[in-house]
Amino acid sequence: KQWYQRRVAITAGNVSHAVVLKPLTSGMHNFVPAVIKYKNPSGDELVTFSSFLDNNPILSTTEYNRKHSPHLVDWLIFVGLCTPVLLIPFLMWHSSHSKYESLAAKAKKA
């Protein structure tokens, strides 16, 4: 009787599992609900169904990597094109600003 109480205490919570499978084919797949049959402690057989997923796309490994890659080359090109557009006006402003600051400092001293 103690074994049964301990087993109920362990299995009373939610149990979830994650299984990762590598697909043999890619494309749209129709998923039907799984039928789950089990017996409760009183011996009655219970039947339940899993969630209904309908049609879902299955991506190949190359499609998945292309879709979820960090696009580092794209970001490097973007930064390379944005740098001159931001740096050239800043350098022009900085040179004129420092020129007029030095002139203002000389005018104050005189």
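Predicted model: local features only at pLDDT ≥ 70, side-chain atom pairs only at ≥ 80, totals over all residues.
Trainee: How many aromatic pairs does the structure hold?

Mentor: Two. A pair of aromatic rings is described by the distance of the centres and the angle of the planes. Take Trp75 and Phe78. Their ring centres lie 5.7 Å apart and their planes stand at 90°. Planes over 60 degrees apart count as edge-to-face, so this pair is edge-to-face.

Trainee: Is Trp75 buried or exposed?

Mentor: Exposed, because its relative accessible area is 54% and the cut-off for exposed is over 50%. Phe78 has 45% relative accessibility, so Phe78 is partly exposed.

Trainee: What about the rings of Phe90 and Trp93?

Mentor: Read the two numbers again. The centres are 5.9 Å apart and the planes are at 35°. Stacked needs planes under 30 degrees apart, and edge-to-face needs over 60. The pair of Phe90 and Trp93 is therefore tilted. Phe90 and Trp93 are also three residues apart in helix 3, about one helical turn.

Trainee: Which residues make the nonpolar surface patch?

Mentor: Leu87, Phe90, Leu91 and Trp93. The patch covers about 410 Å². Residues in a patch need over 30% relative accessible area. Check two members. Phe90, with 43%, is partly exposed. Trp93, with 46%, is partly exposed too. Phe90 lies in helix 3, which runs over residues 72-109.

Trainee: Which ring does the charged end of Lys99 sit over?

Mentor: The ring of Tyr100. The charged end of Lys99 is 5.8 Å from the centre of that ring. The distance cut-off is within 6 Å of the ring centre.

Trainee: Now the strands. Where is Leu46?

Mentor: In strand 3, residues 45-49. Leu46 has 32% relative accessibility, so Leu46 counts as partly exposed.

Trainee: Which residues does Leu46 touch, leaving aside those up to four places away in sequence?

Mentor: Ile36, Lys37, Tyr38 and Asn40. Contact means heavy atoms within 4.5 Å.

Trainee: How far apart are Leu46 and Ile36 in sequence and in space?

Mentor: They are 10 residues apart in sequence. In space, the C-alpha to C-alpha distance is 8.1 Å. The 8.1 Å runs between C-alpha atoms, whereas a contact is judged on heavy atoms.

How values were computed
Residues numbered from 1 in each chain as written. Heavy atoms only, no water. Patch = residues over 30% accessible without salt bridge, like charges linked within 9 Å, V, L, I, M, F, W, Y side chains within 5 Å. Areas by Shrake-Rupley, 256 points an atom, 1.4 Å probe, with all protein chains shown as cover. Salt bridge = Lys/Arg side-chain N within 4 Å of Asp/Glu carboxyl O. Helix = DSSP H or I, 4+ residues; strand = E, 2+ residues; numbered from the N terminus. Buried < 20%, exposed > 50% of the residue type's maximum accessible area, 1.4 Å probe, protein only. Phe/Tyr/Trp six-rings, centres within 6.5 Å; stacked < 30°, edge-to-face > 60°. Lys NZ or Arg CZ within 6 Å of the ring centre and 35° of its normal.
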